[in-house]
Amino acid sequence: MPLLQTYTFKNLFFEATRLCNYACPMCMASSNDVKLVKRSRKLELSTDEIEQHILKTVSAIGVDKITWSGGEFILRKDAVELVRRATEYGYSSVITTNGSKMTRDMLLKLKKVSNDTVVIAVGINSIEDENAWTRDTDCEQSLAVLELCKELDIRPNVVVTVGQHNLKTVGQTLQWLEDHQIPYNRSPYTARGYGREYWETLKFNKEHMRDTIHPELRKHPNGYVSFTPFFLSPEVHAEISGGVSNITVPQNPSIGCWCGTWLAVNAEGDVAPCGILLDDIKCGNVRDMSFQKIIDESSVFQSILDRTQLKGKCGRCRYQFTCGGCRAMAYYENGDVMAEDPTCFFEPEDKTTVSEHELETNRGFKKFVNISRFADMIYTKKVKDVAPLTSGKKDKHKSEVP
C-alpha cells in the first residue's frame, strides 16, 4: 500500500566523478579501474546537466546541502564553478577530498564562491602509518589540509572508514579527532566497488562491533553521525526533534542509519538511498526522471522510508526507528536492503527489551544536538510543501517543524 505522508530530504551526496589521481585499493567508486573510469567519463553529468537535473530541482524535496565527492571532485575542471552555482541556488557545500589538490589558493576560491560556508572533509582511516595502505597516502596530507582549514577559518570534517584494517587504532584515531575538536563520521567498510576485493578479510562482524568499534563510537558525541547500532530512546528523539521524521525515518537531527533521510547520485546520474549503495542499487536516473518521481516510484525508497518493513531483529527492536540498522551492511551481507543488520550485537526479544547502552546514548545524543545546531543539522524553519510518497494520488500535506 503506498505511503501517503510527506517526505523531505536535507542532504544530497553527489559522487560527481570517478576520476582520481590516487588508486586506493578498496575504492568504493572503483576509481582505480581504468576502463570503468574511461566509460564513466563519457557518461558523466556535465556542468549544465548538473544544474538542470540537480541544482534546479532537488530543493523541491527539501535538499539544502550538497556533498560533492568522487573519485576526486577537485579534478573536475568545473569543480569551483559547480560550488558557485550551488551557492547561487541556496545550497551549502561539503567537499570530500583526498587533499592532494587542496592548496591554499583552491581553499580560498572555494571559501569565496561558497560565501564562506564550505566544509572540507578529508579521509583518515588511521592516525598511524597503516593509513597509507587504505588511502594510498599517509595521513600527513590530510592533516596538512586540516591545518590550512584551521588557518583559513574553514569548517573541517573527517571520514573514518571502519573495518578490520583499523580495528587496532580506531580508538586512538577517534580520540585524536576529539582532542582536536574535529567532527567526523564513520563509514562502514563495505563490498561496494573495489571493496569486494577484500570483503571477506576486512569486513567487521558483530563481535568486532560489540568489543571494539561501538565502545569507541559511544565515547564521542561529535561523531554521532550515521552509525548503527544506535540505542537512542525513541521518546528522547521525539521530544527533541518535535516528532519530525521522513515518513518513519527520524530527522531534526537525523540519527542511526541515514538511509531514508539523504539521497545519493553517482557520476552517471543514477540515484540510490545511500552513497555506499551507489552502483549496486539503482532507483532511477536524473536524466530521465525527477527526484520526486524516482522516490515515488522506487520500491527501494518505498521500503526504506517505512521502517515497519524491517526484517528480523531490526523489525522487533525498540530502536527500530531511532537506529534502523545499517541498510548497506544488510544488503551486502544478505542481498536484501531490509534485512536485519548483520553487524548488530543487540539481541532484543521484542520492543520492550532495553539496551544497557540506552542511558549513555541518550546523554551523548543531547550533546550531539548542540553540535548539530552549529552544523545546521537541526532546523526550525518551515519545510516546503512536498509531494506525498505515493505512486498514485498527489495530495499535498503541509509539514511544520519546531
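Helices (H or I, at least four residues) and strands (E, at least two) are DSSP runs, numbered from the N terminus. The structure is a predicted model, in which local features need pLDDT of at least 70 and side-chain atom pairs count only at pLDDT 80 or more, whereas totals for chains, interfaces and linings use all residues. Residues are numbered from 1 along each chain as its sequence is written, and side-chain values use heavy atoms, with hydrogens and water left out.

The protein contains 15 helices and 10 strands. Glycine 71 is placed in the loop between β2 and α3, and a cis peptide bond with omega of about 25° joins glycine 70 to glycine 71. A cis peptide bond also joins asparagine 252 and proline 253, with omega of about 0°. Proline 253 is located in the loop between β8 (249–250) and β9.

The radius of gyration is taken over C-alpha atoms, and the globule rule is 2.2 Å times the number of residues to the power 0.38. For 402 residues, a compact globule would have a radius of gyration near 21 Å, and the 20 Å of the protein agrees with this. Along the principal axes, the C-alpha atoms fill a box of roughly 55 × 50 × 40 Å. Of the 402 residues, 61% count as buried (buried means under 20% relative accessible area, exposed over 50%, partly exposed in between, with a 1.4 Å probe and protein chains only). Contact means heavy atoms within 4.5 Å. Among contacts between residues at least 6 apart in sequence, 73% join residues at least 24 apart.

In soluble globular proteins, nonpolar side chains tend to be buried together. A nonpolar core is here a set of buried Ala, Val, Leu, Ile, Met, Phe, Trp, Tyr and Cys residues joined through side-chain atoms within 4.5 Å. The largest nonpolar core has 109 residues, and those with the most contacts inside it are Ile54, Trp68, Ile95, Ile120, Leu263 and Phe291. Helix α6 (residues 140–152) gives the most to this core, with 6 residues. With neighbours within four places in sequence left aside, the contacts of isoleucine 95 include Trp68, Phe73, Val83, Met102, Val118 and Ile120.

In helix α2 (residues 47–55), the buried residues are Thr47, Ile50, Glu51, His53, Ile54 and Leu55. The buried residues of α2 pack against the strands β1 (11–15), β2 (65–69) and β9 (262–265) and against the helices α3 (79–88) and α11 (291–297).

Two packed helices are described by the angle between their axes and the distance between the axes. Axes are lines fitted to C-alpha atoms, for helices over the stretch in contact, and angles run from 0 to 180 degrees between N-to-C directions. The axes of helix α7 (residues 170–179) and helix α9 (residues 206–218) come within 9 Å and cross at roughly 10°. Helices α7 and α9 are therefore roughly parallel to each other (angles under 35 degrees count as roughly parallel, over 145 as roughly antiparallel, 65 to 115 as roughly perpendicular and the rest as oblique). Val170, Gly171 and Leu174 of α7 make the contact with Thr212, Glu216 and Leu217 of α9. These residues divide into 3 nonpolar, 2 polar and 1 charged (Ala, Val, Leu, Ile, Met, Phe, Trp, Tyr, Cys and Pro count as nonpolar, Asp, Glu, Lys and Arg as charged, and the others, Gly among them, as polar).

Two residues other than glycine have a positive phi value: serine 30, at about 55°, and glutamine 181, near 55°. Serine 30 is in the loop between β1 and α1 (34–43) and counts as buried at 8% relative accessibility. Glutamine 181 lies in the loop between α7 and β6 (184–188) and counts as exposed at 71% relative accessibility.

Asparagine 157, in strand β5 (residues 155–162), counts as buried at 16% relative accessibility. Residues up to four places away in sequence not being counted, asparagine 157 touches Val119, Ile120, Ala121, Val122, Leu146, Pro183, Tyr184 and Asn185. Methionine 338, in the loop between α14 (327–334) and α15 (358–374), is buried, with a relative accessible area of 5%. Beyond its neighbours within four places in sequence, methionine 338 is in contact with residues including Ser303, Ile304, Leu310 and Arg327. From C-alpha to C-alpha, methionine 338 and isoleucine 371 are 30 Å apart in space, and 33 residues apart in sequence.
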